[in-house]
Amino acid sequence: MSFLTYFLLALGLAMDAFAVSMSSGSTIRPFSLNDALKLAIFFGGFQAFMPVLGWLGGSVVSGFVSDYAPWIAFGLLTFIGGKMIYEVLYGDPEGKVNSLNYSVLFLLAVATSIDALAVGISFAVLKIPILEPVIIIGCVTFFMSFFGAILGYRIGHFFEHEVEVLGGLILIGLGGKILAEHLLWI
């Protein structure tokens with residue numbers, strides 16, 4: 001496979017992380033470049049790690065991934081998105097979902113990188129070396145997440161609460177998209 005093929009694959013895989021980073025950037029106050037860096041490291045790191053895990057697991061993990069991963073991603077993204085919306089509408093302003101909390105970051109990173117796990121399994125089946133695509137996938141996701149968080153911060157203050165609700169809806173929508181794609185393939 002060529003560099004361009006890996007790059008386009010990385011762009012496709014990074015879209016979920018970009019959307020979540022934008023959503024997170026719009027809700028983080030006060031915001032710093034370190035916050036964007038933290039999001040980018042988590043999302044880029046998980047997008048790079050998951051294909052390796054899939055590649056190492058190969059066909060052993062493929063049955064589990066294909067059957068349950070979309071449901072897991074849907075559940076995680078719907079839970080976090082629903083909690084964000086609930087907190088905007090009914091919650092204590094101090095009790096909002098903290099996108100920089102390590103447990104929340106972990107859940108978001110796993111949910112947005114499950115498709116990268118499946119890509120790693122595909123690479124194993126096709127006997128494609130994993131190092132070059134993993135580096136490209138990780139770097140593309142890192143930069144898209146970093147700039148997504150900054151973009152979210154820049155536009156988020158215009159609509160404050162509306163953006164938080166929109167961010168929750170985006171997470172729920174991503175989960176629904178992942179699940180719908182899975183159910184339509186069946």
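In this predicted model, Phe3 and Phe7 both belong to helix H1, which covers residues 3-27, and because they are four residues apart there, about one helical turn separates them. Their rings form a stacked aromatic pair, with 6.2 Å from centre to centre and 20° between the planes.

A second stacked pair is formed by Phe31 and Tyr153, whose centres lie 4.5 Å apart and whose planes make an angle of 10°. Here the pair links distant parts of the chain, 122 residues apart, for Phe31 is in the loop between H1 and H2, while Tyr153 is in helix H4, residues 131-156. Phe31 counts as buried, at 16% relative accessibility, and Tyr153 counts as partly exposed, at 26%.

The structure holds nine aromatic pairs, and ring pairs also join Phe42, Phe46, Tyr102 and Phe106 into a cluster. One member of this cluster, Tyr102, has a charged neighbour as well: the charged end of Lys38 sits over the ring of Tyr102, at 4.0 Å from its centre.

Helix H2, which spans residues 33-89, contains Gln47. With a relative accessible area of 0%, Gln47 falls under the 20% limit and is therefore buried. Setting aside neighbours within four places in sequence, the contacts of Gln47 are Leu13, Ala14, Thr112, Ser113, Asp115, Ala116, Ile137 and Thr141.

Terms used:
Residues are numbered from 1 along each chain as its sequence is written. This is a predicted model: local features need pLDDT of at least 70, side-chain atom pairs count only at pLDDT 80 or more; totals for chains, interfaces and linings use all residues. Side-chain values use heavy atoms; hydrogens and water are left out. Helices (H or I, at least four residues) and strands (E, at least two) are DSSP runs, numbered from the N terminus. Buried means under 20% relative accessible area, exposed over 50%, partly exposed in between (1.4 Å probe, protein chains only). Contact means heavy atoms within 4.5 Å. Rings of Phe, Tyr and Trp (its six-membered ring) pair if their centres lie within 6.5 Å; planes under 30 degrees apart count as stacked, over 60 as edge-to-face and the rest as tilted. A charge sits over a ring if NZ of Lys or CZ of Arg is within 6 Å of the ring centre and within 35 degrees of the ring normal.
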